[in-house]
Structures are given as structure tokens and as C-alpha cells.
Amino acid sequence: MPRWLETLLLAIVNTAMLAIPLITYTTVNEFSHPQMMLIYLIVINGLVFGHTNRPQWRWVWWPLYLVSLIAACYASYPLKHLFSLTWGQRFVTQLIQQTQAFRAGSTTTMPVLLSMVLIMILVLGLTLLTVHWQQPVLGIVVSIGYLLAVTLFATRNEVIPLTLTIALAGGIVSVLSPPNWHWGHLGYYALLAMVLVGGATVNTWAKQPLSQLAQATVTWRKQLSSLGFYNFLTQASAAKKTGISEDTATLGGAIQDDNSVAFKAVATTNHYWRADTRADYSGKGWAATDDETTRKPTTTTSGFVAKPTTKRQAVKLTMPKSLTYLPVGYGQTTWAVSAAQQHRIGVSYTPARGRIYLNTGKHPLTTIQYTYQPQRFTAAQLKAVTAKASTSLTKTNTQLPSELPARVKRLSQKLTRKQTTQYGRVQALVHYLKQSDTFTYTKMDTPTTPAKRDYVDYFLFTSHRGYCDNFSTTLVVMLRSLGIPARWAHGFSGGTRGKTAGNGQYHYQILNSDAHSWAEVYFAGIGWVPFDPTPGYQNPGTKRTQTKAAAKTQQTKTSSTSRSQSATTKSSSSTRNQASTQQSSSSSQASKSSTMPKTVVHLSTSLRRRIIGGLLLLLLLGSWFGRDWLLLIGLSLSFQFIKPTRGYRWLTWWFNRRLPRRSSESLTDYAATVDQVWPQLDGQFQTTTTHYLAQTFGHQTDTTLNRDLQQIVKALRKNRQQIVH
């Protein structure tokens, strides 16, 4: 086969193989222009094909690579500008800002712009390795590994794409295989056919075993999570992590813990910290609405009608500049912001949602103080409510998409048919979600909602697995189906109490893994009352404290979140599991978890980055040595990493790929042929072969074999152009 034709086939198969995980990646992360990534992939493979056949024009190819990268960036994100220096400056500025925010840990997931650029660079690197340098191992490992990770950890059905990728990887190996045929190839192709057939039908024959395997390994995977394994994986990917995000339009999918600090507080009590609410349910998640805002707020409320009569408590928060919301407890918050301060900081308040915006100005805050009065209410008060909310409030907070399956309402009616009060109906649904054996609290095994399914319907009737976003959204939607005004709230479920701060106050540390979501139900004459349907959590307002000593004995801190897989930001809310959350698993799992070691190891962010950087460096070095096999042999011989006899076999394999040895040809005759074809060796390979045979079969000690091999490698590398090409 002509060399140009082999390179063309390699480029075509490589394009198809990389396109499969690339399509999955753009789908998972909801790229705004995914087709541009595929066009970029095709263009890059075309350029690398030309580069491989005309390597002497390298001064042309590398600028073309750069131009293609810039063009793809513009086509994917024009940023409402024509292609110009203005667009370039804005693009680079946003890229730098997103990179700095990601490194500082102020964003819970890798920003999409940064992710896109890195993926484009990766596509170029893998294509050069496979097509130009004919070293496909890293590309195959990355493609198959990514699809496996998505299948296992994001619980997406990527079996067919995985099967196709394996088939295309086999095609690449076939193109690069030595031209001489032997019966061993038949076994290889038979094995490849078995993998393809098995992978294509895995949903039929392996569905039950895979389900059993998932159930059997829950405890083991929880232990991996407590050891920081999943955190380690997510540092190098755009996987969802716990935390608060402004974008909650698409919920669902597995998430990982983010144990970085969200903010710190000095307060009297530990309580739920409310950040925002949502009222517009789309069938996939919660859309933010543009509600009227008030400037210079002095008194804000979380949604109660009556003014609290409890004692005021002083609260001091320490937060990063990137925090754009003020976390507050349920009740009334009093604070003062002068006009000058408001202008500098950027403060506003949305009464309809109870959201306080912060740090939208040019001089963001890092500390803030306010007074807080918790609101108290009793079950008797809630049971006594018979009045109805206003028409406008009811209309807004009972909104549901017309596509919501009717069985959601039927189930809600069935569960509440014996209740005569609004409070009784709410409690019946909370009990069903919180106590029923039907549902399993899990963050690792939560599936992504299929494209044509409603988020709540899929959770109630199909998956039965989820975390706080699943439980809280389901409660809101079921209540709305009964005509009860309800909305979705997110914030933090509390923090870890530290040392005393004096005057009855304590230091609290609230992590991104403490992020949580719950429901709010409107009771006429009282206001918005929180209810938490997630297993293992108490209702907001319930007294709960956790000392630092107790925190140390806690085996795991599981959390949950939702993330919008949009092109701008990810993840919305997450939960922090109390010790009782483990009770949501089956009793057998609980008994297994009791045997876990009590020592929990969390890798620090810097250590994780060093490990990931080291692994990437090893991959790059391996890829480099893989493309320069002669350099690898030479270094191994020089530092005596391998025996000279093994070095000879490696070198013979290198020759055999370029000049196949006939089946009836002896090693001595083959060495003579090699020296004849490559006169630059000056007959050294025949001499080296004689030494090798004497040492291997004559049991003679020959100290010159290593030196002879190094001389051959040196000659081959010196005359690379004449020999290799």
C-alpha cells in the first residue's frame, strides 16, 4: 500500500474515532455550536495528512494549525462581534478570567470556554500522534477511557458509541500493522469481532448483571468517594461538582464532592443558609426569572408575612469576592447599605424571590455583618391554615409544563387522598419521598434525564435514584399538581462548628459540599415555609449543631448538586449528608459501611494538581518516546534499563516493521539483508547479530553487545531521513 494511501486511511479512521467521544462531550456540556468542533476535527486531520506527506513544508503547516484553532474558536464563540482584534481581545480576556477563576476555585466546574480550547488542543495533539507520528495508543486510550468514564460515573448509555470506538481503534491498529500476514492476525480479528458483537448487544445480555454489580459496589464506591478518588478524577475534567450556580435550567446526572470553602460565618446558631429560589419549572430544571429588584435594602425577609418576635442575632460572614448572593437564615435580616456603599459594592434585593444580590459592582465585599431574627412556627399553626393564597401568587407558583405526564398528578392525589389540610398533604408527600423504600439517595449513580423525559416523572417512575435536587424538585411539582403554591429553594444545609467566638457565638465553616436544595410551600397568613424531603435531612429551622470533634468522627460527607449542562455555567445546588443519610441505603449496605475504616483521607487541591500534572507529563513523555522508538531504545541501553539481548529484540522489531522478515529466513540472513538495504550501517547489524546469537544460544558472555547496539541506534538516528523515509 502506498504511504500516502495508508496515511489517508489513518486520517479518515482517526477522524471517525475521535468524533464519537467529541460528540458525547459537546452533548454532555451543551456546547452552543457543537458542529464547529466536528468541522475543526475534520480540518485538523486534513492538515495533518498534508503535513505527513509534505513534512518539508512544516513552516506552512504549523501556522495553518494555529489559524484553524483561532477560526474554530471564533465560529464557536463569536461573542456578538465580527472577526477582528476587538473579538480577539475580548475572547482572550474571558479565557484568562475563566482560567483564573477555575484555578482560584471560585467556580465549581471547568468553564466551558477554557474547556473548549483545551479540547481543541487535545484534538490536535492526538491527531499528530496518530496520523503523523503513527503512535495511536494515547488517542485510543483517551477516547475509550472518556466514554467508559461517562458510562460509569455519569450513568449515560454510551455502549453503542463505545463499541464503535473500539471497532475504529481496531481499524487504526490494522492500518498500522506490518504487511506480512500470519495466522495470529486471524485470532486478533476474531477477538475484535467478539468485542463488537458483545458490545452491541450488551444491553440485552448484561443488563441484569450490570445492575447487580452496581448494587453490590455501592459501599465500595462510597469508600472511594470518602478517600477523595472521585474528586481526584474531576480535577482534570469538566465533571459536575457540588456548589451553588446561577444556572439551574437542566438538572440531573451524577456529581462529585467539592470540599472547598464557600464562605465562613460567625453566628449564634447553625442553620440552613438560603441563597435563592426558583418558580419557573420547565420539565428539565428551574429557569431564573427577571423579577423586580430594590436598591439599598435595609430589611429583607425570606418570605414570612409576620415580623419575627425572636431575639436578634449578630452574624458576620467572610466570603470570596466572586460570591454574588448573600446567604441568610429563615427569618428577617437587617442591615444598612449607604448609597455610596451600594454603588461601590453593587447590592440589590428581589422581594419576590427573597434573593439578595452582592458584589455586582466594581468593589466587591469580602466581609459583611448583619443581624438576623429567626422565624418560629409550629405544626399546629400550619394545620390551622385554611385560607387560600392570592390568585396571582397561586398562578405563578403552581405553574407546570403542559407536557408533564398525568401520572404525576394521579400519584400525588393517591398519596394525599386521606388528608384534609394543606399541611397534611405536604407532610404526606414529604413522608413518601423521605421514608419510602422506592427511592435511593445517591450522587454517584444518579442518571441523566433522557432527552424526551420529564425530570420529575423520570425520577418518580423510572430511575428512583437521586440527590437533593431530585427530591426537592419532585416535592414542588407534586404539590403544584394539587394546586398548592410551592417553589424551589437552594443554598446550604449548614456548616461545621469550630471554636467559640465569644458572646455565645461560634465559628462556622460552610463548604461547597454543604450546598443543598429544598422546597418552600406558601401558607396564607404565614408565608413561605421550608420543607426538606431529602432522606437524612431535617427541616430548616430545626436546631442542629455539629462540633468540630463530631465532624472528625463522621465517616463521610456526601453531597449533591444539580448542574446546568449549558454553555455558560454548570451545577446548581448540592447537599451535605449527615451521619443519618447513610440510613437511606439498604440495611445490608449500612452493615457493610460499618466495617469501613474510620480514617478519611482527602487529597489537597495542590497535591491533586501535582499528581495530575505528573500523570500528564508521563503520558506526554510516553507519547514522545513512542513516536521515537530509536530514542527509547538508545536511552534504555545507555542507562542499562534493559538487558542487551532485549535491546537487540526491540531493534529487530523496529527493522521488521520497515523490512518484513520472511518466514524461512534465518536471523543471520535477515541481518545481511538489513545491512544491504541500509548501507549506512556499515555491516554493523551482522556483527551485532553474531554477538547476540553467541550470547543467547552459545551461553557466551559478550560485553560488546550493548556497545554495538548503541552504535547502530546512533547511526540510524543520524541518518534518519535516508533510512526512515
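Student: Which residues does M120 touch, leaving out those up to four places away in sequence?
Tutor: M120 touches M37, Y40, L69, A72, C73 and S76. The model is predicted. What makes each of these a contact is the cut-off: heavy atoms within 4.5 Å.

Student: What makes the largest nonpolar core a core, and which residues have the most contacts inside it?
Tutor: A core needs buried residues of nonpolar kinds, joined through side-chain atoms within 4.5 Å. The largest such set has 47 residues. Y40, Y65, C73, Y77, F91, M116 and M120 have the most contacts inside it.

Student: Which elements give two or more residues to this core?
Tutor: They are α1 (3-28), α2 (34-53), α3 (58-76), α4 (85-104), α5 (112-132), α6 (137-153) and α7 (159-176). The largest share, 13 residues, comes from α5.

Student: How many residues are in the second core?
Tutor: That core has 45 residues and is separate. Y441, Y455, L479 and V521 are among its members.

Student: Why is L79 called buried?
Tutor: The limit is under 20% relative accessible area. L79 has 15%, so L79 counts as buried.

Student: Where does L79 lie, and what is in contact with it beyond four places in sequence?
Tutor: L79 sits in the loop between α3 and α4. Its contacts there are W87, R90, F91 and Q94. F91 is 12 residues from L79 along the chain, and their C-alpha atoms are separated by 7.7 Å.

Student: How do you know that the span of helix α24 agrees with its residue count?
Tutor: Helix α24 covers residues 644-658, which is 15 residues.

Student: Which residues of α24 are buried?
Tutor: T645, G647, Y648, L651, T652, W654 and F655 are buried. Residues three or four places apart in an α-helix point the same way, because there are 3.6 residues a turn.

Student: What makes β14 and β17 a pair?
Tutor: Pairing takes at least two bridges. Strand β14 (residues 486-492) and strand β17 (residues 515-523) have 7 bridges, so they pair, in the antiparallel sense. W488 stands opposite A519 in β17.

Student: Why are β2 and β18 called edge strands?
Tutor: The open sheet of 4 strands has the order β2-β14-β17-β18, with antiparallel pairing. β2 (273-278) and β18 (527-531) each pair on one side only, and that puts them at the edge. Neighbouring strands of the sheet are turned by 35° against each other on average, direction ignored.

Student: Which helix lies across β17 and β18?
Tutor: Helix α17 (residues 422-435) does, running at about 155° to β17.

Student: What is the strand order of the open sheet of 7 strands?
Tutor: The order is β6-β8-β11-β7-β1-β16-β15, with antiparallel pairing. Its edge strands are β6 (299-301) and β15 (496-502). The twist averages 25° from one strand to the next.

Student: How do you know that β1 and β16 pair?
Tutor: Strand β1 (residues 261-267) and strand β16 (residues 505-511) share 6 bridges, and at least two are needed, so they count as paired. The sense is antiparallel. F263 stands opposite I510 in β16.

Student: How many helices and strands does the protein chain have?
Tutor: It has 28 helices and 18 strands. Of its 725 residues, 49% count as buried.

How values were computed: Residues are numbered from 1 along each chain as its sequence is written. This is a predicted model: local features need pLDDT of at least 70, side-chain atom pairs count only at pLDDT 80 or more; totals for chains, interfaces and linings use all residues. Side-chain values use heavy atoms; hydrogens and water are left out. Buried means under 20% relative accessible area, exposed over 50%, partly exposed in between (1.4 Å probe, protein chains only). The expected span of a helix is 1.5 Å times one less than its number of residues. Axes are lines fitted to C-alpha atoms, for helices over the stretch in contact, and angles run from 0 to 180 degrees between N-to-C directions.
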